[in-house]
Amino acid sequence: PPQIRGSRSKALPDRALVNCQYSMATFSTGERRRRPHGDRQAGELALHLKQTFEAAILTELYPRSQIDIYVQILQADGGNYCACVNAATLAVMDAGIPMRDYVCASSAGLAEDTPLADLSSPEEAAGGPQLVLALLPASGQIALLQLSARLHQERLEAVLDAAGEACRALHAVLDGVVRERLREVTVLLGD
Amino acid sequence: MKATPLSNCERRFLLRAIEERKRLDGRQCYDYRNVRISFGADYGCCIVELGKTRVLAQVSCELVPPKPNRPTEGILFFNLELSPMAAPGFEPGRQSELLVKLNRLIERCLRNSKCVDTESLCIIAGEKVWQIRLDLHLLNHDGNIIDAASIAGIVALCHFRRPDVSVQGEEVTVYTPEERDPVPLSIHHMPVCVSFAFFQQGTYLLVDPSECEERVMDGLLVIAMNKHREICTIQSSGGIMLVKDQVLRCSKITAVKVAEITELIQKALENDQKVRKEGGKFGFAESIPNQKITAFKIERAAIDTNNVEEQAEEIIAKADPPSEVFAKPILHTPGTAQIGEGIENSWGDLEESEREEAAEEEGEIEAAAFECQKMETEDTSTMSETKKDEPIVLSDSEEEEVIILEPQEVPKKTRTQTNSKQENTSKKAFNKRRKKKRAAY
């Protein structure tokens, strides 16, 4: 959604406020979930999304306004947060809000000394270490880094690299998609 | 209550000090504050002090049926609470962002790292398991809640003893502490969080930020590690952009710090164990010194004062001499005095049609005059003096009544007013009106 005016007391005088809400549909996971949002995990993910996008969007161009990002998970099969970030990147680009760079996110893990990129749900549930990385590919800067479960320090670099590569591959895909869409839109508008 | 904001001067001062690699309390960039661990009389209760930040941890257990999708595992429940006791900015019952963040961090650090063996908490598969509940309360906030909370959590879990249980067929007997000694939890490893604060887009980094440093920081990176150098959790927050080798460097620093802290924890646990076994006194009452009036003291910190004298002299020499002081009060009439003279009112003719040339009191620092003090009161300063024989043309503003002191040209604060008969009020009348005005309040 594009820029929205309003938001009284929390308005920041020199930049835009980014507000994120994350919710999962009840049918998204294997067993039907009761509460789509309001539990702690949703709150945490929304917070992380907000943090990532505050870093990536050029908020100084929109003082005293608010940008809302709503994400809804329709089907969860591992890598929820990453999918949200990628989707939100595309949405923000489509809305025309200027960003520093694409934000690409990917998860990575380790299975017996082999780093794996983009874990799916059974791989996540297996209990191995899981690293989530949100990257701005051009500068290589990390907007968000999160690790759960045990990982030996020596392995950290390998896993980080795997995630970084996956993000770059994703960046290529996202870039392609955006350019394609732009081409379509200009063709349609041009007529 | 809202927390007191940090002034710009303080912010600038802190940032400049950090650029020069100095911290307010004299620590180095990678130094931790003093960690003190004290135990309560019950098993599973401890207080951790990291500098002035204090966290209280309490572990308790109860028998419950297990979760349906994990019938052979016990349940762990973590809860961190921020009360207004910790800082005036915290409000009870309101879920703030910080609370969610801290809670999730503690959960991930202690639960996902599997530091507590949950299988051993199972008594009868599918029917009865132990539910271990860890409650953390923040008692004082002076920065770096996460580290203190994680240390408190893991120490409390290590210290806790659960009642012994025996199973005979279908029957479960829970023994009280008198019958059989309570059993400690089986803990695989001790994850400890270390926080790094970043400043100036990642150029400077500090370990264990204090509260003021937290307020000016750009972002925070938390790494939880155990002494076997396994990373349990990494979390970056605050919207900073990191680079990969910064993260790797931080993880190396963490390894060092965690080793030190784990040693401290072990020593504290052993001490407590020893004291209890020897039948000595233990508990919080012992750890708070009672000859002192306050139980909250700061250890001495060595400060480098070598250059202070030279620097101070330098500063004084370069500074401008203080400006001239207006010395003499001007005595107009007995009982009134005025120090300094104000400048003319630059608001133009607001309400009066006449322009007065008398000096202005606007923006004057209090004169010693008694009248002036009374008149000064509220906001605006449509000041004008009146010369004696001139009728004041009134404005229609409903500001307060003007009291004109009579014949002398005493400059006074007056307000535009709504009656027009001014000249030559005698002092008596003036007093009367003054009293009336006072009574009006």
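Leaving aside its neighbours within four places in sequence, which residues is Leu136(B) in contact with? Point 2 gives the list.

1. This is a predicted model, in which local features need pLDDT of at least 70 and side-chain atom pairs count only at pLDDT 80 or more, while totals for chains, interfaces and linings use all residues. Residues are numbered from 1 along each chain as its sequence is written, chains are lettered from A and ligands numbered from 1 in the order in which they are written, and side-chain values use heavy atoms, with hydrogens and water left out.

2. Contact means heavy atoms within 4.5 Å. With neighbours within four places in sequence set aside, Leu136(B) is in contact with Val55(B), Leu56(B), Ala57(B), Asn79(B), Leu80(B), Glu81(B), Ile106(B), Ala149(B), Ala152(B) and Gly153(B).

3. Leu136(B) also belongs to the largest nonpolar core, which has 93 residues; together with Ile37(B), Phe196(B) and Ile265(B), Leu136(B) touches the most other members. A nonpolar core is a set of buried Ala, Val, Leu, Ile, Met, Phe, Trp, Tyr and Cys residues joined through side-chain atoms within 4.5 Å. Buried means under 20% relative accessible area, exposed means over 50%, and partly exposed lies in between (1.4 Å probe, protein chains only). Helix H3 of chain B, residues 145–159, gives the most to this core, with eleven residues. Another core, of 35 residues, lies apart from it and includes Val18(A), Ala42(A), Tyr62(A) and Ile69(A). In soluble globular proteins, nonpolar side chains tend to be buried together.

4. Chain A has four helices and seven strands, and along the sequence they follow the pattern β-β-α-β-α-β-β-α-β-β-α. Helices (H or I, at least four residues) and strands (E, at least two) are DSSP runs, numbered from the N terminus. Of the 191 residues of chain A, 45% count as buried. Among its contacts between residues at least 6 apart in sequence, 70% join residues at least 24 apart. The accessible surface of chain A is about 9800 Å², and carbon and sulfur atoms hold 51% of that; such areas come from the Shrake-Rupley method with a 1.4 Å probe, and for residues only the protein chains shown count as cover.

5. An open sheet of eight strands contains strands of chains A and B, in the order S5(A)-S4(A)-S6(A)-S7(A)-S14(B)-S13(B)-S11(B)-S12(B), with antiparallel pairing. Two strands pair if DSSP finds at least two bridges between them. Strand S5 (114–117) of chain A and strand S12 (204–207) of chain B stand at the edges with a single partner strand each, so one side of each has no neighbour in the sheet. Neighbouring strands are turned by 25° against each other on average, direction ignored.

6. Helix H5 of chain B (residues 244–277) packs on this sheet, touching strand S7 (141–152) of chain A and, in chain B, S11, S12, S13 and strand S14 (230–237). The direction of H5(B) makes about 140° with that of S11(B). Axes are lines fitted to C-alpha atoms, for helices over the stretch in contact, and angles run from 0 to 180 degrees between N-to-C directions.

7. Strand S11 of chain B (residues 192–199) is joined to strand S13 of chain B (residues 219–225) by seven bridges, and the two run antiparallel. Val192(B) stands opposite Met225(B), and Ser195(B) has Val222(B) as its bridge partner. Four bridges join S11(B) to S12(B), also antiparallel, with Phe196(B) partnered by Val207(B). The hairpin of S11(B) and S12(B) has four residues between the strands, and Gln200(B) there takes a positive phi near 55°.

8. Is S11(B) mostly covered or left open? Eight of its eight residues are buried. Val192(B), Val194(B), Phe196(B) and Phe198(B) point one way, and Cys193(B), Ser195(B), Ala197(B) and Phe199(B) the other. In a regular strand the side chains alternate between the two faces of the sheet.

9. Cys61(B) is partly exposed, at 24% relative accessibility, and the nearest cysteine sulfur, that of Cys45(B), is 14 Å away. Cys232(B) is buried, with a relative accessible area of 0%; its sulfur is 6.1 Å from that of Cys109(B), the closest, which is too far for a bond.

Terms used: A disulfide is a pair of cysteine sulfur atoms within 2.5 Å.
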